[in-house]
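User: I have a structure here that is new to me. Can you walk me through its side-chain contacts?

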Amino acid sequence: MAASEDIFLGVAVTLRSLGERLAAGWSVRVHLFAPDGNGRRRLADSLVGLPVELVWHAPSHRLSDVGPTTTWPHHDLTYQRVFAADDLPSLDRFVYLDADLLVRHSLHGLLAAAGDDGPGDRPLAWAVNDSAVPFVASASGVGAWSRLGLDPLQPYFNAGVLVVDAERWRHDRVADAVVEHVAGHGATMTHNDQEALNATVGRRWRAVPPAWNRQVGFGPLAQAPVRPLLDIDDITAAETDPHVVHFIGPRKPWVAGVRTAWTDEWWDVAGRTAWHDSRRPRTPLRARGRAAVTLSRSAVWQLLRAP
């Protein structure tokens with residue numbers, strides 16, 4: 001996992017909800033890539049009593065390879081997800097989660113949904129289709145899709161929840177491909193690491209049901225651009241009982257003036273962390289300035305069965 005200290009509240013809620021929802025007999029090891037800071041103890045205190053182990057790492061030295069990000073005010077730590085497989089060579093598979101999530105069901109179900117395609121047809125990752133960007137040629141998709149020779153109808157995934165085949169990720173040198181893409185096409189990119197991953201991973205990923213990454217911020221799924229790619233039963237499940245809620249874009253629960261579905265539930269979990277004394281901000285978003293929407297996050301989660 002990688003996160004800057006300014007969003008440790010989001011990390012704490014993501015981790016706390018993850019730990020509280022784990023199925024009996026399961027535990028989780030969180031690999032957290034973060035600069036040194038005073039927030040480490042507070043984050044650890046937020047997880048007391050839960051089957052969650054934190055393992056701290058320095059951010060990857062390769063973050064400098066991608067240079068400053070464009071468009072979105074995200075810190076370059078967001079690219080840590082690209083380098084996680086290389087930085088954790090002992091892992092053959094892991095779950096990646098963003099730090100702006102609310103986990104509502106045990107993630108062992110996500111691993112079951114990812115399944116196993118066998119050694120002959122192993123995808124690099126399993127993910128959920130992006131709600132607002134259904135294809136690489138869609139607005140805010142892969143800006144250089146035509147120059148890259150991509151099929152315009154190639155589905156585009158949201159990178160906030162990923163199951164990664166780390167062995168194949170390393171074998172196919174995905175990190176090197178992302179660095180090369182950013183160097184050549186960074187000026188046309190909108191969603192930074194997510195866009196670069198869609199450009200380089202291509203079709204080497206498999207979709208899991210949208211309930212595992214219900215992206216909040218673009219209205220009902222039945223009216224979202226991704227609707228033609230989804231099964232009606234999967235849409236109903238994601239709307240009525242999402243397994244993971246993803247507060248995408250700048251509309252985070254901790255940002256002033258934001259009120260979306262599941263925000264109250266998010267704050268309920270926050271009240272059980274070491275940030276329990278935090279108050280929901282009420283001042284208008286524009287009064288708080290750009291810093292209010294700055295988000296840097298990257299998370300690696302390793303699910304373990306209890307011995």
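User: What should I know before we start?
Analyst: This is a predicted model, where local features need pLDDT of at least 70, side-chain atom pairs count only at pLDDT 80 or more, and totals for chains, interfaces and linings use all residues. Residues are numbered from 1 along each chain as its sequence is written, and side-chain values use heavy atoms, with hydrogens and water left out.

User: OK, rings. How many aromatic pairs?
Analyst: The count is 4 aromatic pairs. Rings of Phe, Tyr and Trp (its six-membered ring) pair if their centres lie within 6.5 Å; planes under 30 degrees apart are stacked, over 60 edge-to-face, and the rest tilted.

User: What kind of pair do tryptophan 266 and tryptophan 267 form?
Analyst: Tryptophan 266 and tryptophan 267 are edge-to-face, with 5.1 Å centre to centre and 80° between the planes. Ring pairs also link Trp254, Trp266 and Trp267 into a cluster.

User: Is tryptophan 266 buried or exposed?
Analyst: Tryptophan 266 is buried, at 0% relative accessibility. Tryptophan 267 is buried as well, with a relative accessible area of 11%. Buried means under 20% relative accessible area, exposed over 50%, and partly exposed in between (1.4 Å probe, protein chains only).

User: Which residue lies over the face of tryptophan 126?
Analyst: Arginine 93 does, at 4.8 Å from the ring centre. The rule asks for NZ of Lys or CZ of Arg within 6 Å of the ring centre and within 35 degrees of the ring normal.

User: Switching to salt bridges. How many?
Analyst: There are 20 salt bridges, each a side-chain nitrogen of Lys or Arg within 4 Å of a carboxyl oxygen of Asp or Glu.

User: What does aspartate 165 pair with?
Analyst: Aspartate 165 forms a salt bridge with arginine 122, the closest N and O atoms being 2.8 Å apart. Aspartate 165 lies in strand β7 and arginine 122 in the loop between α5 and β6, so the pair ties together parts 43 residues apart in sequence. Helices (H or I, at least four residues) and strands (E, at least two) are DSSP runs, numbered from the N terminus.

User: Where does arginine 214 sit, and its partner glutamate 239?
Analyst: The closest N and O atoms of that salt bridge are 3.0 Å apart. Arginine 214 is in strand β9 and glutamate 239 in helix α10, so parts 25 residues apart in sequence are tied together.

User: Which residues form a network?
Analyst: Salt bridges link Arg62, Asp65, Arg173 and Asp176 in a network.
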